[in-house]
Amino acid sequence: MSLVSCSGDVCSVTLGGRGSRAHVLGTTFGLAAVDGNRVTLRVDDRDVTCDLGRTVAVGALRLTCTSATDDTVAFTVARG
């Protein structure tokens, strides 16, 4: 499952289930793993770790993980 909602250069994304993917702002995001408050996303060709509530720079994008369960993650992606 993947849900994407964008407004301008900011998108809200929910990925559910291992291997789920979404193409957002020219970048492919996939859910690799959830371990408590730490999420590992596959961003194009690399793994990116995101702690809930923290913002991570991924190239020209900013990624903020907002919530997670055992197999679902919600995050926002913004340019700049």
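Which backbone oxygen lies 2.9 Å from a polar atom of the side chain of serine 20? Hold that thought. One caution before we start: this is a predicted model.

Strand E1 covers residues 2–7, and strand E2 covers residues 10–16. They pair in the antiparallel sense, over six bridges. Serine 5 stands opposite serine 12 of E2. Two residues separate E1 and E2, and the pair forms a hairpin. Look at glycine 8 in that turn: its phi is positive, about 65°.

Next, the loop between E2 and E3. Serine 20 is found here. Now the opening question. The oxygen belongs to the backbone of glycine 17. Is serine 20 buried or exposed? Its relative accessibility is 8%. Buried means under 20%, so serine 20 counts as buried. What is it in contact with, leaving aside neighbours within four places in sequence? Serine 20 is in contact with Met1, Leu15, Phe29, Gly30 and Leu31.

Leucine 31 takes us on to the sheet. Its bridge partner in E5 is leucine 41. Strand E4, residues 27–35, and strand E5, residues 38–43, pair in the antiparallel sense. Again, there are six bridges between E4 and E5.

Now the whole sheet. It is open, with four strands in the order E3-E4-E5-E6, and the pairing is antiparallel. E3 (21–24) and E6 (46–51) are the edge strands. Each of them pairs on one side only. On average, neighbouring strands of this sheet are turned by 35° against each other, direction ignored.

That's the tour. Happy to go back to any part.

Notes
Residues are numbered from 1 along each chain as its sequence is written. This is a predicted model: local features need pLDDT of at least 70, side-chain atom pairs count only at pLDDT 80 or more; totals for chains, interfaces and linings use all residues. Side-chain values use heavy atoms; hydrogens and water are left out. Two strands pair if DSSP finds at least two bridges between them. Axes are lines fitted to C-alpha atoms, for helices over the stretch in contact, and angles run from 0 to 180 degrees between N-to-C directions. Buried means under 20% relative accessible area, exposed over 50%, partly exposed in between (1.4 Å probe, protein chains only). A polar contact is a pair of N or O atoms within 3.5 Å; within protein, one must be able to donate a hydrogen and the other to accept it, and residues adjacent in sequence count only if both atoms are side-chain atoms. Contact means heavy atoms within 4.5 Å.
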